[in-house]
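Open the structure in your viewer and switch to a cartoon view. We will start with the whole chain and then select single residues.

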Amino acid sequence: MHTNQPQILVNLARQQLLLLSDGQIIHQYPVNTAKNGPGERINSECTPRGKHKIRAKIGAGEAKGRIFVGRRPTGEIYSPALDRAHPDRDWILSRILWLSGLEPGVNRLGDVDTMRRYIYIHGSPDHCVTSDPQSHGCIRMKNVDIIDLFEQVPVGTQVDIL
């Protein structure tokens, strides 16, 4: 059965995101996940595992490097000068794919709810996307990569995080 519905697979061990269509890899991207490792609990700053879906796509048409705060564009574009001025800021740039868990008690509802934890796949300063887990729970991508991925996946796309 050919659905042509894309699917996303995030491999935490490899710090890699695969975009699949009919089970075939269309594209692979480097990512950066939680410094605290995998985990589902609220306030854990861990990347949640399991089956998810893209609940919302935010940032269509925004400039590469656009800064978001609270899922809203600030009007600013990321720059090294801004980075130096705010060295501890967790930058959310370019596009946001907001995830929602699909497994009650695992990554949905209660104190393990991925959506209520504001877990995204989002753009980040490119130099921050290394094979070293460093995020606060989200899945970070290079800006050109998140823009590319954003254009290829609809709301509702399944995202498996392993």
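How many helices and how many strands does the protein chain have? Count along the cartoon: there are 2 helices and 10 strands. Keep in mind that this is a predicted model.

**The whole chain**

The elements come in the order β-β-β-β-β-β-α-β-β-β-α-β. The radius of gyration is 15 Å, close to the 15 Å that the globule rule gives for 162 residues, so the chain is as compact as a globular protein of that length. Turn the model along its principal axes. The C-alpha atoms fill a box of roughly 50 × 35 × 25 Å.

Now show the surface. The protein chain exposes about 8000 Å². Carbon and sulfur atoms supply 51% of that area. Of the 162 residues, 48% count as buried.

Next, think about which parts of the chain touch. Take the contacts between residues at least 6 apart in sequence: 64% of them join residues at least 24 apart.

**The charges**

Colour the charged side chains. You will find 20 positive and 17 negative ones. The centres of the two sets lie 3 Å apart. Some of these side chains pair up, and the structure holds 5 salt bridges.

**Stop one: Asp160 and Lys51**

Select Asp160 and Lys51. They form a salt bridge, with the closest N and O atoms 3.7 Å apart. The pair links distant parts of the chain: Asp160 sits in strand E10 (residues 158-161) and Lys51 in strand E4 (residues 50-58), 109 residues apart.

Is Asp160 buried or exposed? Asp160 is buried, because its relative accessible area is 7% and buried means under 20%. Lys51, at 39%, counts as partly exposed.

Stay on Asp160 and show what surrounds this residue. Leaving aside neighbours within four places in sequence, Asp160 is in contact with Gln7, Ile8, Leu9, Val10, Gly50 and Lys51. Asp160 and Arg49 are 111 residues apart in sequence, yet 7.4 Å apart in space, C-alpha to C-alpha.

**Stop two: Arg66 and Glu62**

Move to Arg66 and Glu62. Here the salt bridge has its closest N and O atoms 2.8 Å apart. Arg66 is buried, with a relative accessible area of 16%. Glu62 is partly exposed, at 22%.

**Stop three: Asp90 and Arg140**

Select Asp90 and Arg140. Their side chains meet in a salt bridge of 2.8 Å, N to O. Where does each partner sit? Asp90 is in the loop between helix H1 (80-85) and strand E7 (93-101), while Arg140 is in strand E9 (residues 139-142). The two are 50 residues apart, and the pair links distant parts of the chain. Asp90 counts as partly exposed at 26% relative accessibility. Arg140 is buried, with a relative accessible area of 7%.

**Last stop: Ser100**

Finish in strand E7, where Ser100 lies. Ser100 is buried, with a relative accessible area of 6%. Which residues is Ser100 in contact with, leaving aside its neighbours within four places in sequence? Show His52, Lys53, Arg55, Arg108, Thr114 and Met115.

Notes: Residues numbered from 1 in each chain as written. Predicted model: local features only at pLDDT ≥ 70, side-chain atom pairs only at ≥ 80, totals over all residues. Heavy atoms only, no water. Helix = DSSP H or I, 4+ residues; strand = E, 2+ residues; numbered from the N terminus. Rg over C-alpha atoms; globule rule 2.2 N^0.38 Å. Buried < 20%, exposed > 50% of the residue type's maximum accessible area, 1.4 Å probe, protein only. Contact = heavy atoms within 4.5 Å. Areas by Shrake-Rupley, 256 points an atom, 1.4 Å probe, with all protein chains shown as cover. Lys, Arg positive; Asp, Glu negative; His and termini not counted. Charge placed at Lys NZ, Arg CZ, Asp CG, Glu CD. Salt bridge = Lys/Arg side-chain N within 4 Å of Asp/Glu carboxyl O.
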